[in-house]
Amino acid sequence: MFMTAPTTNTHSAEAKSSFKPIVVSGIQPSGTLHLGNYFGAIRQHVELHASFESYFFIVNYHALTTLNDAAALRKYSLDVALDYLALGFDPSKSHLFLQSDVPQVTELSWIFYTITPVSQLEKGVSFKDKVAQGLTANAGLFNYPILQAADILVYGGSRVPVGADQKQNVEICRDLAIRFNDRFCPNDPVFPIPEPYILEDVAVVPGVDGRKMSKSYNNTIGIFDEGKELKKKVMSIVTDSTPLEEPKDPLTCNVFALIKLFASDSKREEVAAAYRAGGYGYGHAKNELLHLITEAFAESREKRHELAKRPNDVMDVLREGGKKGREQAEVFMRKVREVTGLITTY
Ligand code: ADP
């Protein structure tokens with residue numbers, strides 16, 4: 001279920017109704033996609049891509065800000081494509097491609113740099129977080145929100161599905177669209193003013209250590225983990241040490257928090273009642289979770305195995321998506337070059 005911010009307000013660019021709804025979203029290829037990504041983002045991407053004209057791209061330029069390993073970047077990029085296709089992304093409905101297949105995005109970024117106050121980037125939450133974690137603050141990391149804004153606006157994106165944690169980046173993008181339109185084309189705005197699409201009451205999915213599941217904490221369960229690896233991770237989920245026979249509170253348990261995401265209402269009630277009754281240990285709960293995860297992704301896992309045997313087909317999907325991405329980006333870039341006075345001779 002999605003909560004949509006109002007789509008009209010008094011700003012000139014939004015008052016104009018010539019912009020059609022276009023959904024855009026970038027997916028980081030900087031690690032194996034995990035259950036937090038699935039429930040917080042991918043599930044809604046897969047729902048949205050079938051309902052709106054959508055551009056979903058694998059943000060390999062963004063990944064370079066933290067990942068300098070060509071083999072890993074290639075692998076993660078193709079893994080994301082496999083994951084999305086296996087989880088239900090249908091390339092006949094919308095476009096899936098690699099960010100770097102649309103070089104116009106870096107061209108637009110440069111233009112945006114020239115109208116962005118440094119002070120606005122210094123307040124960036126992701127930048128501040130990464131610096132606090134001790135990561136080297138390269139200029140790419142600092143300018144990350146600008147590339148993100150260019151990613152959205154180069155396709156005329158008007159709706160951006162994001163987790164609540166990324167709302168600030170959509171704000172920067174909105175500011176840039178407004179500033180660009182006001183400065184260069186106030187009477188005939190080039191860009192729509194995008195709106196965030198935020199999943200209603202999205203739960204923070206806990207990792208095996210109880211903190212937010214995140215690849216930075218090394219506490220993830222991969223969507224397509226299976227067999228021994230999956231079992232090992234599920235069995236390592238941190239719980240308290242209440243003995244098996246005693247009653248337990250499901251609401252404070254990390255295992256139950258994950259079970260809740262997968263179980264039907266009746267199953268959830270059944271497990272919660274077993275927790276409260278006592279005689280049901282964390283081992284039982286973990287086995288239940290293992291079963292639920294295995295079942296939930298069984299079909300997608302099968303599809304992923306099949307797709308992995310046909311890498312050329314996956315490349316074809318990305319190639320075709322990239323072609324559509326470049327065509328759409330060029331429509332906007334022609335206008336951008338014209339209103340900014342960048343003469344092109346080709
Ligand atoms: P990570 O923290 O592993 O680096 P990302 O920041 O790449 O994950 O996550 C991409 C998106 O996936 C986020 O914007 C958010 O919507 C969703 N997401 C990631 N982790 C979680 C989580 N633990 N719970 C809910 N949603 C999450």
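This is a predicted model: local features need pLDDT of at least 70, side-chain atom pairs count only at pLDDT 80 or more; totals for chains, interfaces and linings use all residues.
**Stop 1: the ligand**

Select the ligand and display the residues around it. There are 15 of them, and the closest are H34, V205, M213, S214 and K215. The side chain of K215 places an N or O atom 2.6 Å from an oxygen atom of the ligand. At M213, the backbone supplies the N or O atom, which is 3.0 Å from a ligand nitrogen. G36 also uses its backbone: one of its polar atoms there is 3.2 Å from a nitrogen atom of the ligand. On its own the ligand has 540 Å² of accessible area, and the protein covers 83% of that.

**Stop 2: G26**

Go to strand β2, residues 22–27, and pick G26. Is G26 buried, partly exposed or exposed? G26 counts as partly exposed because its relative accessible area, 38%, falls between the limits of 20% and 50%. Leaving out residues up to four places away in sequence, G26 touches F57 and V59.

**Stop 3: S109**

Move to helix α5, residues 104–113, which contains S109. The relative accessible area of S109 is 3%, so this residue is buried, the cut-off being under 20%. Show I146, L147 and A150 as well; S109 is in contact with these residues, its neighbours within four places in sequence being set aside.

**Stop 4: helix α13**

Select residues 265–277, which form α13. How far apart are the end C-alpha atoms of α13? They are 18 Å apart, and this agrees with the 18 Å that 13 residues should span at 1.5 Å a residue.

Colour V271, A272 and Y275, which are buried. These residues lie on the same side of α13, because the arc they cover around the axis is only 100°. An α-helix has 3.6 residues a turn, so residues three or four places apart point the same way.

To see what the buried residues of α13 pack against, show α12 (254–262) and α14 (282–296). Then turn the view to the face of α13 directed away from its buried side, where the exposed residues S266, E269 and A277 are found.

Technical notes:
Residues are numbered from 1 along each chain as its sequence is written. Side-chain values use heavy atoms; hydrogens and water are left out. Helices (H or I, at least four residues) and strands (E, at least two) are DSSP runs, numbered from the N terminus. The expected span of a helix is 1.5 Å times one less than its number of residues. Buried means under 20% relative accessible area, exposed over 50%, partly exposed in between (1.4 Å probe, protein chains only). The arc is that of the directions from the helix axis to the C-beta atoms. Contact means heavy atoms within 4.5 Å. A residue is near a molecule or strand if one of its heavy atoms lies within 4 Å of it. A polar contact is a pair of N or O atoms within 3.5 Å; within protein, one must be able to donate a hydrogen and the other to accept it, and residues adjacent in sequence count only if both atoms are side-chain atoms. Accessible areas come from the Shrake-Rupley method with a 1.4 Å probe; for residues, only the protein chains shown count as cover.
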